Amino acid sequence: MGFAFRVIASLAIPVALAMMGIIVATYLTLSGIAERQKEDRILFRLENLRTSIEANLSLGFQLAQIGATQDVLERARSTDSVLQALDVFSADGVSVYSTDRGVKGEPVPAEWRAAATTGSAQDHWRYEGAGELVLGLPIRNDLGDVVGHIVSITSPEETLAADLPGLLQRLAFWIVPLGLAVSTVAALALSRRITRPYHGIADALAGRINPSNSNEPRGAAHAARRSGLMAMADLESATGRLEAIDHAL
């Protein structure tokens, strides 16, 4: 068992670390996929709202004249728990419609305007900061001019970096024992495989088996046992004769 324990000791830590690495990598990948799916879903909703607003602009209305937009935003916000707020602000950065009525008529944050200016050419933009994730789409009139933006405000997903100590602590409670269990099974299997030929030799030396092939290790061990037994028999015979001679004298 000494060999098996040495193998277990050499495998336990690498196996546990490898399993933790795999789980952390999987967590990162799934978190990224979930975040992208959430953003795609929100952008799809914003696209539908933008289409409705641009349809009214094509009828000759100005952005501030589409009163139904306020009700549309509030209905959309009420049907999606992920959304904290929906806003429409003008090209000069003033909130025109918002589910947070207290900000209507107020200038939007400068960071939003900077992100909107950078991302307008790509048809969507994002800003993350101060505990909020802002996704936005430019609103254009029939001439293709940007007359405003529609944005969603949500909370960003908790990142792995923020939760890494807690995550590793939780993993350690079951990854380390699992790694030790896997290492133990692997070590016992490896030990059994390596020592299997020696078990046959031990059986042959003990006389529990009688191999027919003397060229294999078990056969050689059996032959050595037989030679040893014959030598012991000769020794006992010689000892008996010496004792007989000693008694005769």
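F89, W112 and W125 form one aromatic cluster. The model is predicted, so local features need pLDDT of at least 70 and side-chain atom pairs count only at pLDDT 80 or more, while totals for chains, interfaces and linings use all residues. Residues are numbered from 1 along each chain as its sequence is written, and side-chain values use heavy atoms, with hydrogens and water left out.

The structure holds 2 aromatic pairs. Rings of Phe, Tyr and Trp (for Trp, its six-membered ring) pair if their centres lie within 6.5 Å; planes under 30 degrees apart count as stacked, over 60 as edge-to-face and the rest as tilted. The ring centres of F89 and W112 are 6.4 Å apart and the planes stand at 40°, so this pair is tilted. F89 lies in strand β1 (residues 85-90) and W112 in helix α3 (residues 110-119), so the pair ties together parts that are 23 residues apart in sequence. Helices (H or I, at least four residues) and strands (E, at least two) are DSSP runs, numbered from the N terminus.

In the pair of F89 and W125, the centres are 6.5 Å apart and the planes are at 65°, so the pair is edge-to-face. This pair links distant parts of the chain, since W125 belongs to strand β3 (residues 125-129), 36 residues apart from F89 in β1. Buried means under 20% relative accessible area, exposed over 50% and partly exposed in between (1.4 Å probe, protein chains only). For F89 the relative accessible area is 2%.

S90 is also in strand β1. With a relative accessible area of 14%, S90 is buried. Its contacts (heavy atoms within 4.5 Å) are L63, V96, V147 and G148, not counting residues up to four places away in sequence.

Strand β1 is part of an open sheet, in which 5 strands follow the order β2-β1-β5-β4-β3 with antiparallel pairing. Two strands pair if DSSP finds at least two bridges between them. The edge strands, β2 (95-98) and β3, each pair on one side only. From one strand to the next, the twist averages 20°. Strand β3 is joined to strand β4 (residues 132-140) by 5 bridges, and W125 stands opposite G136 in β4.

Helix α2 (residues 68-78) lies across β1, β2 and β5 (146-154), running at about 150° to β1. Axes are lines fitted to C-alpha atoms, for helices over the stretch in contact, and angles run from 0 to 180 degrees between N-to-C directions. The buried residues of α2 are T69, Q70, L73 and A76. They cover an arc of only 135° around the axis, which puts them on the same side of α2; the arc is that of the directions from the helix axis to the C-beta atoms. R75 and S78, on the other side of α2, are exposed.

A nonpolar core is a set of buried Ala, Val, Leu, Ile, Met, Phe, Trp, Tyr and Cys residues joined through side-chain atoms within 4.5 Å. The largest has 20 residues, and L73 and L86 are among those with the most contacts inside it. Helices α1 (2-57) and α2 and strands β1, β2 and β4 each supply at least two residues of this core, and α1 gives the most, with 6 residues. Apart from it lies another core of 10 residues, among them A85, W112, V134 and V151.
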